[in-house]
Amino acid sequence: MTGRFESVFLDVVTRAMVPLIQVFAFYIITHGHYSPGGGFQGGVMLAASIILLRIALGEESYRRFPREAGIWIAGVATLLFTLLGFVSILFGGNFLEYAYVVPGMDAVELRYWGIFFAEVFIGFLVWGALVAIYDALVTGGVEA
Amino acid sequence: MRILGFVLIVVLGVVLVWGIGDLPERGDPQAPAPTHVASYYIENALDDSNTPNFVTAVLADYRAYDTFGEAVVVVTAALACLLILLRRREDEVEVEEESR
């Protein structure tokens, strides 16, 4: 089965490249503690992989990654990031002060994992938001 | 009106170029930027949050509030795009036109 362009090469290369791009994007998101990168960069790569699917495969990509999924992912990630900020207020810290998120745990560990989860939420949020913008620009939300 | 605008732009440009002379030297250790909190971040990021890459520590921990705002801006942009560009399906539009 080939996509919009009736080209086997484009189809095969896209199917081979997209998982690699996504794995590398998750590596960039989760490796922000030790190397350049982080949520914004990895999220853009994830969005780019979905947009590559959209361009090369056309109709089939909407079954793999539905049109509504983008804004859903962005919204849920934003909500979780906000909750992470308010949980620390609940236990006596400031907004997004990770050292207070779980009472009784070591502050340094907590800040390490706070940075980790903040990067993951930012990555998913950028991913969903950019895919949603692309879909809105290209299809206007009408069933193709 | 055009001449007034031109004169205004020239005056503003001259003032800005004149202001360049008061900027600190590149890499000056006594400049305001590296003497305020930057040295604290560089010295304590590893001990505070176990994060060797202190750029990430500043971005996602010390300045998390700022990063949160940036992230919300991205989501707001996506929502605005959807609100402006989202079209309804053809049949829904027709129903509305008939009811008019």
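Colleague: Which class does Asn50(B) fall into: buried, exposed or partly exposed?
Modeller: Bear in mind that this is a predicted model. Buried takes 20 or more other C-beta atoms within 10 Å, and exposed takes 12 or fewer. Asn50(B) has 17 such atoms within 10 Å, so its class is partly exposed.

Colleague: Where in chain B is Asn50(B) found?
Modeller: Its backbone stands out first: phi is near 60 degrees, a positive value in a residue other than glycine. As for its place, Asn50(B) sits in the loop between helix H3 (38-49) and H4 of chain B.

Colleague: What share of chain A is buried?
Modeller: Look at its contacts first. Among those with a separation of 6 or more, 63% join residues 24 or more positions apart. Of the 144 residues in chain A, the buried share is 40%.

Colleague: Which element of chain A gives the most to the side that touches chain B?
Modeller: In total, 32 residues of chain A are in contact with 27 residues of chain B. Helix H4 (69-90) and helix H5 (107-139) of chain A are the elements that give two or more residues to that side. With 15 residues, the biggest giver is H5(A).

Colleague: How many nonpolar residues does that side of chain A have?
Modeller: Sort the side that touches chain B by class. Nine of its residues are polar and three are charged. The nonpolar count is 20.

Colleague: What end-to-end distance does H4(A) have, and what should it span?
Modeller: H4(A) has 22 residues, taken at 1.5 Å a residue.

Colleague: Within what arc do the buried residues of H4(A) fall?
Modeller: Those buried residues are Gly70(A), Ile71(A), Ile73(A), Ala74(A), Ala77(A), Thr78(A), Phe81(A), Gly85(A) and Ser88(A). They line one face of the helix, because seen down the axis of H4(A) they fall within an arc of 165 degrees.

Colleague: Which helices does that buried side of H4(A) pack against?
Modeller: The face turned away from the buried side can be set aside. That face carries the exposed Trp72(A), Leu79(A), Leu83(A), Phe86(A) and Leu90(A). The buried residues have partners in both chains: H5 of chain A and helix H5 (64-85) of chain B.

Colleague: Which residues touch the most other members of the largest nonpolar core?
Modeller: This core has 47 residues. H1 (8-30), H2 (39-57), H4 and H5 of chain A give two or more residues each, as do H4 (54-62) and H5 of chain B. H5(A) gives the most, with 16 residues. The members with the most contacts are Ala74(A), Leu125(A), Val126(A) and Ala129(A).

Colleague: Which residues is Ala129(A) in contact with, leaving aside neighbours within four places in sequence?
Modeller: Ala129(A) is one of the core members that touch the most others. In chain A, the partner is Ala74(A). In chain B, the partners are Val74(B), Val75(B), Ala77(B) and Ala78(B).

Colleague: Which elements do the buried residues of H1(A) pack against?
Modeller: H1(A) has 23 residues and reaches 34 Å, close to the 33 Å expected. Its buried residues are Ala25(A), Ile28(A) and Ile29(A). They pack against H2 and H5 of chain A.

Colleague: Is Leu96(A) buried or exposed?
Modeller: Leu96(A) lies in the loop between H4 and H5 of chain A. Its phi is near 65 degrees, a positive value in a residue other than glycine. Since 25 other C-beta atoms lie within 10 Å, Leu96(A) is buried.

Colleague: And Glu68(A), buried or exposed?
Modeller: Glu68(A) is in the loop between helix H3 (59-64) and H4 of chain A. It has 11 C-beta neighbours inside 10 Å, so it counts as exposed.

How values were computed: Residues numbered from 1 in each chain as written. Chains lettered and ligands numbered in written order. Predicted model: local features only at pLDDT ≥ 70, side-chain atom pairs only at ≥ 80, totals over all residues. Contact = placed C-beta atoms within 7 Å. Helix = DSSP H or I, 4+ residues; strand = E, 2+ residues; numbered from the N terminus. Nonpolar A, V, L, I, M, F, W, Y, C, P; charged D, E, K, R; others polar. Expected span 1.5 Å × (residues − 1). Arc of directions from axis to C-beta. Core = buried A, V, L, I, M, F, W, Y, C linked by C-beta atoms within 7 Å.
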